[in-house]
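Hello,

Please find the structure below. My notes on it follow.

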Amino acid sequence: MRPRTLLALLLVVPLVDALFLIVVATRLGWPVTVALVVLTAVLGMLLLRAEGRATLGRLQRKVAQGKPPTDELLDGGLLIAAGAFLLTPGLVTDAVGFLLALPLSRVPIRVALKKYVVIPYIERETDGFLSGNVYIGGFPNDGDGGFTMGGSGFPGDGPDGFDGGDGPDTDGSVGGNADAGGGSADDDVVDVDFTVEEEERKGTD
């Protein structure tokens, strides 16, 4: 959230809350309005206490099972925000606090927060690691399941992103590096074997 947006919210929310209090007070009277504000704050803090204990218990069970407690951490952050709204005098802020504290309304808020805020932020910070758009194994572009970020191979000058010539050549041949005479390493091995066989024949003759 940008600083200007946060500053606007900090200015608009108390103003709307004060105007709403004035409207309620003109209809119910100031003593009833004050009692209503205090009652909602007390009930909200009791609800937060119970939800905080339940969230902490779920978090401990997830950690004991070796699972990432992502939802529980988000619930904890939402409950902290709910406590801040409930402690702020006003009926509008109390209503927002109850929305963040009640499980029925907190779960959709948590899902939307994860989908539109948390996941996009992690994607930007990790360059696509969360979605798996990174190199995770195997040789790049070998057809065996390995792939790289953005579909490219290792940095290099070769056709598959490699620096050397171990992969398929551009003319369709499969082989090693060419030597100074224009032959490959396999040709050198064949020449050596042929020379040894010729020497053995001459010795027997």
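The side chains of Arg58 and Asp75 form a salt bridge, with N and O 3.5 Å apart; the term means a side-chain nitrogen of Lys or Arg within 4 Å of a carboxyl oxygen of Asp or Glu. Arg58 belongs to helix α2 and Asp75 to helix α3 (residues 70-87), so the pair ties together parts 17 residues apart in sequence. Helices here are DSSP runs (H or I, at least four residues), numbered from the N terminus. This is a predicted model, in which local features need pLDDT of at least 70 and side-chain atom pairs count only at pLDDT 80 or more, while totals for chains, interfaces and linings use all residues. Residues are numbered from 1 along each chain as its sequence is written, and side-chain values use heavy atoms, leaving out hydrogens and water.

Asp75 is buried at 1% relative accessible area, whereas Arg58 is partly exposed at 26%. Buried means under 20%, exposed over 50%, and partly exposed in between (1.4 Å probe, protein chains only).

Lys62 also has a salt bridge, to Glu72, with the closest N and O atoms 3.4 Å apart. Lys62 lies in helix α2 and Glu72 in helix α3, 10 residues apart. Lys62 is partly exposed at 23%; Glu72 is buried at 7%.

Lys114 and Asp71 meet in a salt bridge at 2.4 Å, N to O. This pair links helix α5 (residues 103-126) to helix α3 across 43 residues.

The count of salt bridges comes to six. A network of them links Glu51, Arg58, Asp75, Arg106 and Arg110.

Regards

Conventions. Helix = DSSP H or I, 4+ residues; strand = E, 2+ residues; numbered from the N terminus.
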